[in-house]
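The sequence and the model are shown first.

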Amino acid sequence: MTAPSTFGLSSEARNLHWLLSNLVEEVPGIQSVAVVSSDGLLLLSSDTSRNEAAREAQSERRKGPRGSAADLATIVSGIGSLTVGAAKLMDFGPVKHTMVAMDEGSLFVMSISDGSLLGVHGSAECDMSVVAYHMALFVGRAGHVLTPEVRSELRKSLETDAPRSGR
């Protein structure tokens with residue numbers, strides 16, 4: 001996780017950290033994950049340092065959004081805004097998920113609740129259906145926990161950890 005420790009966080013915030021860690025560890029090919037609030041602020045992210053072995057194994061390939069959780073959050077927020085606007089124009093209801101397939105990877109964006117988004121950047125080798133399934137599990141488990149209070153707590157924990165983690 002971006003925060004080196006969940007010490008001092010509520011049980012709901014710790015559960016969200018655990019769910020995100022579990023998503024990254026359970027699904028092969030996931031390179032980075034970000035949970036973004038409806039206003040585009042990063043709430044949770046995967047810790048790229050935990051995937052050092054995977055990065056070394058694929059050192060010849062680009063890893064995605066410059067390795068920064070903030071970059072992934074920006075991309076996820078932008079795609080979320082674009083698809084919400086498209087859905088309003090088409091009048092087909094709210095957006096549930098979006099997938100962008102590229103030559104060397106994929107980006108998945110799924111609505112969590114209240115405008116929050118889960119974004120996953122996967123390698124070219126990842127199984128898109130497995131990623132989508134595990135994202136849906138995360139959304140189902142996290143949606144009711146991601147209250148305004150917990151979002152505020154997660155955001156504050158990222159801000160207080162920023163000087164220690166070098167961001």
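Two strands are taken to pair if DSSP finds at least two bridges between them. On that basis, β3 and β4 form a hairpin with two residues between them. The model is a predicted one.

**Overall composition**

The secondary structure of the protein chain comprises five helices and five strands. Read from the N terminus, the order of elements is α-β-β-α-α-β-β-β-α-α. The protein chain has 167 residues, of which 41% count as buried. Where contacts in the protein chain join residues at least 6 apart in sequence, 61% of them link residues at least 24 apart.

**Strand pairing**

| Strand pair | Bridges | Residues between strands | Opposite residues |
|---|---|---|---|
| β3 and β4 | six bridges | two residues | Met102 and Gly105 |
| β4 and β5 | seven bridges | five residues | Phe108 and Val120 |

Strand β3 covers residues 97-102. β4 is paired with β3 and also with β5. How much of β4 is buried? Six of its seven residues are, and the strand is thus mostly covered.

Two of the hairpins contain a residue with positive phi. In the turn between β4 and β5, Asp114 has a positive phi of about 50°.

**Packing of α1 against α4**

The axes of α1 and α4 come within 10 Å and cross at roughly 170°. Since angles over 145 degrees count as roughly antiparallel, α1 and α4 are therefore roughly antiparallel to each other. On the α1 side, the contact is made by Leu16, Leu19, Leu20, Leu23 and Glu26. The α4 side contributes His134, Met135, Phe138, Arg141 and Ala142. By class, the residues of this contact divide into seven nonpolar, one polar and two charged.

**Nonpolar cores**

Which residues touch the most other members of the largest nonpolar core? They are Leu16, Val35, Leu118 and Val120, within a core of 28 residues. The elements that give two or more residues to this core are α1 (11-26), β1 (30-36), β2 (42-45), β4 (105-111), β5 (117-123), α4 (128-142) and α5 (148-165). The largest share, six residues, comes from α1.

A second, separate core has eleven residues, including Leu42, Ala73, Ile79 and Leu158.

The surroundings of Val35 can be set out in detail. Leaving out residues up to four places away in sequence, Val35 touches Leu20, Leu41, Leu42, Leu43, Leu44, Ile112, Leu117, Leu118, Phe138 and Leu146. Among these partners, Leu20 and Phe138 also take part in the contact between α1 and α4, while Leu118 is itself one of the residues that touch the most other members of the largest core. Leu42, a further partner of Val35, is included in the second core.

Thr83 lies in helix α3, which spans residues 69-90. Is Thr83 buried or exposed? Its relative accessible area is 18%; buried means under 20%, so Thr83 is buried. Apart from neighbours within four places in sequence, Thr83 is in contact with Val95 and Thr98.

Notes:
Residues are numbered from 1 along each chain as its sequence is written. This is a predicted model: local features need pLDDT of at least 70, side-chain atom pairs count only at pLDDT 80 or more; totals for chains, interfaces and linings use all residues. Side-chain values use heavy atoms; hydrogens and water are left out. A nonpolar core is a set of buried Ala, Val, Leu, Ile, Met, Phe, Trp, Tyr and Cys residues joined through side-chain atoms within 4.5 Å. Buried means under 20% relative accessible area, exposed over 50%, partly exposed in between (1.4 Å probe, protein chains only). Helices (H or I, at least four residues) and strands (E, at least two) are DSSP runs, numbered from the N terminus. Contact means heavy atoms within 4.5 Å. Axes are lines fitted to C-alpha atoms, for helices over the stretch in contact, and angles run from 0 to 180 degrees between N-to-C directions. Angles under 35 degrees count as roughly parallel, over 145 as roughly antiparallel, 65 to 115 as roughly perpendicular and the rest as oblique. Ala, Val, Leu, Ile, Met, Phe, Trp, Tyr, Cys and Pro count as nonpolar, Asp, Glu, Lys and Arg as charged, and the others, Gly among them, as polar.
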